[in-house]
Amino acid sequence: MIAPTYDIERYIERIHSGPVAGIDEAGRGPWAGPVVAAAVILDPSNCPDGLADSKMLAESRRDELALMIRECATVSVGVASVEEIDKINILQATFLAMARAEAGLKARPRVCIVDGSQKPKLTARTHMVVKGDAKSLSIAAASIIAKTVRDRMMRDLAAEHPFYEWEKNKGYGAPAHQRGLQTHGVTPHHRRSFAPIHNILYPQVSKAS
């Protein structure tokens, strides 16, 4: 696994003479729960070892790194709710969460570098980095923060709705989640605009189409 570096941030800092924030999200694909974004401004002289794409890390390691990031970096989290996802679609809700994360930073970034290819509307100048969580330390840190925050939210929701095993599948369409939907139906935390949930709620419409 190739480790991310601070090279992108260092290059941008030379050009724009200001702090760079990495931004990433967690939770675009699940059938339930909010989408969460994080914005992180790292201090390259005081950066935790082992930062990487959150998907490549064990949950326990992500939790350790999240604590370390919060101790040495400027961190902000933005959330878009299930209701917002259903109202404006998951892409726009993701952009909304990213904008909220940027707005919550105590230090204003001159530039935001964002994982992916689809650009959100942010206050700062924005650059997209495809597979950025594997290339940029700041984006990797943001991916860890976003993932750990959302996982904790899903564990809390699982305590209220124990039949879907969200503490394990985090709202994705895993077999246990599907069995929960079959036996206990749709909760207020399910994304009604997503086809698997929409088809449960409106089976006649699904058959007709």
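The model is a predicted one, and in it Met 154 belongs to helix α5, which covers residues 137-160. With a relative accessibility of 0%, Met 154 counts as buried, the cut-off being under 20%. His 177 comes 23 residues away from Met 154 along the chain, and the C-alpha atoms of the two are separated by 13 Å.

Once neighbours within four places in sequence are set aside, His 161 touches Trp 166, Thr 187, Pro 188 and His 189.

Most residues other than glycine have a negative phi. Glu 165 is partly exposed, at a relative accessible area of 29%. A second case of this kind is Asn 89, again not a glycine, with a positive phi of about 85 degrees. Asn 89 is placed in the loop between α3 (82-88) and α4 (90-103), and with 38% relative accessible area it too comes out as partly exposed.

Turning to the strands, β1 (residues 20-26) has partners in both β4 and β2. Strand β4, made up of residues 111-115, runs parallel to β1 and is joined to it by four bridges; in this pairing, Ile 23 stands opposite Val 114. Strand β2, residues 35-41, runs antiparallel to β1, with five bridges joining the two, and here Asp 24 faces Ala 38. Six of the seven residues of β1 are buried, so the strand is largely enclosed by the rest of the structure.

As for the chain in general, there are nine helices and five strands. Read from the N terminus, the order is α-β-β-α-β-α-α-β-β-α-α-α-α-α. Among contacts between residues at least 6 apart in sequence, 63% join residues at least 24 apart. Of the 209 residues, 47% count as buried.

On overall dimensions, a compact globule of 209 residues would have a radius of gyration near 17 Å, and the 18 Å of this chain agrees with that. Along the principal axes, the C-alpha atoms fill a box of roughly 60 × 35 × 30 Å. The chain exposes about 10,300 Å², and carbon and sulfur atoms supply 54% of that area. On the charge side, there are 27 positive and 23 negative charges, and their mean positions lie 5 Å apart.

Notes. Residues numbered from 1 in each chain as written. Predicted model: local features only at pLDDT ≥ 70, side-chain atom pairs only at ≥ 80, totals over all residues. Heavy atoms only, no water. Rg over C-alpha atoms; globule rule 2.2 N^0.38 Å. Buried < 20%, exposed > 50% of the residue type's maximum accessible area, 1.4 Å probe, protein only. Contact = heavy atoms within 4.5 Å. Areas by Shrake-Rupley, 256 points an atom, 1.4 Å probe, with all protein chains shown as cover. Lys, Arg positive; Asp, Glu negative; His and termini not counted. Charge placed at Lys NZ, Arg CZ, Asp CG, Glu CD. Pairing = 2+ DSSP bridges.
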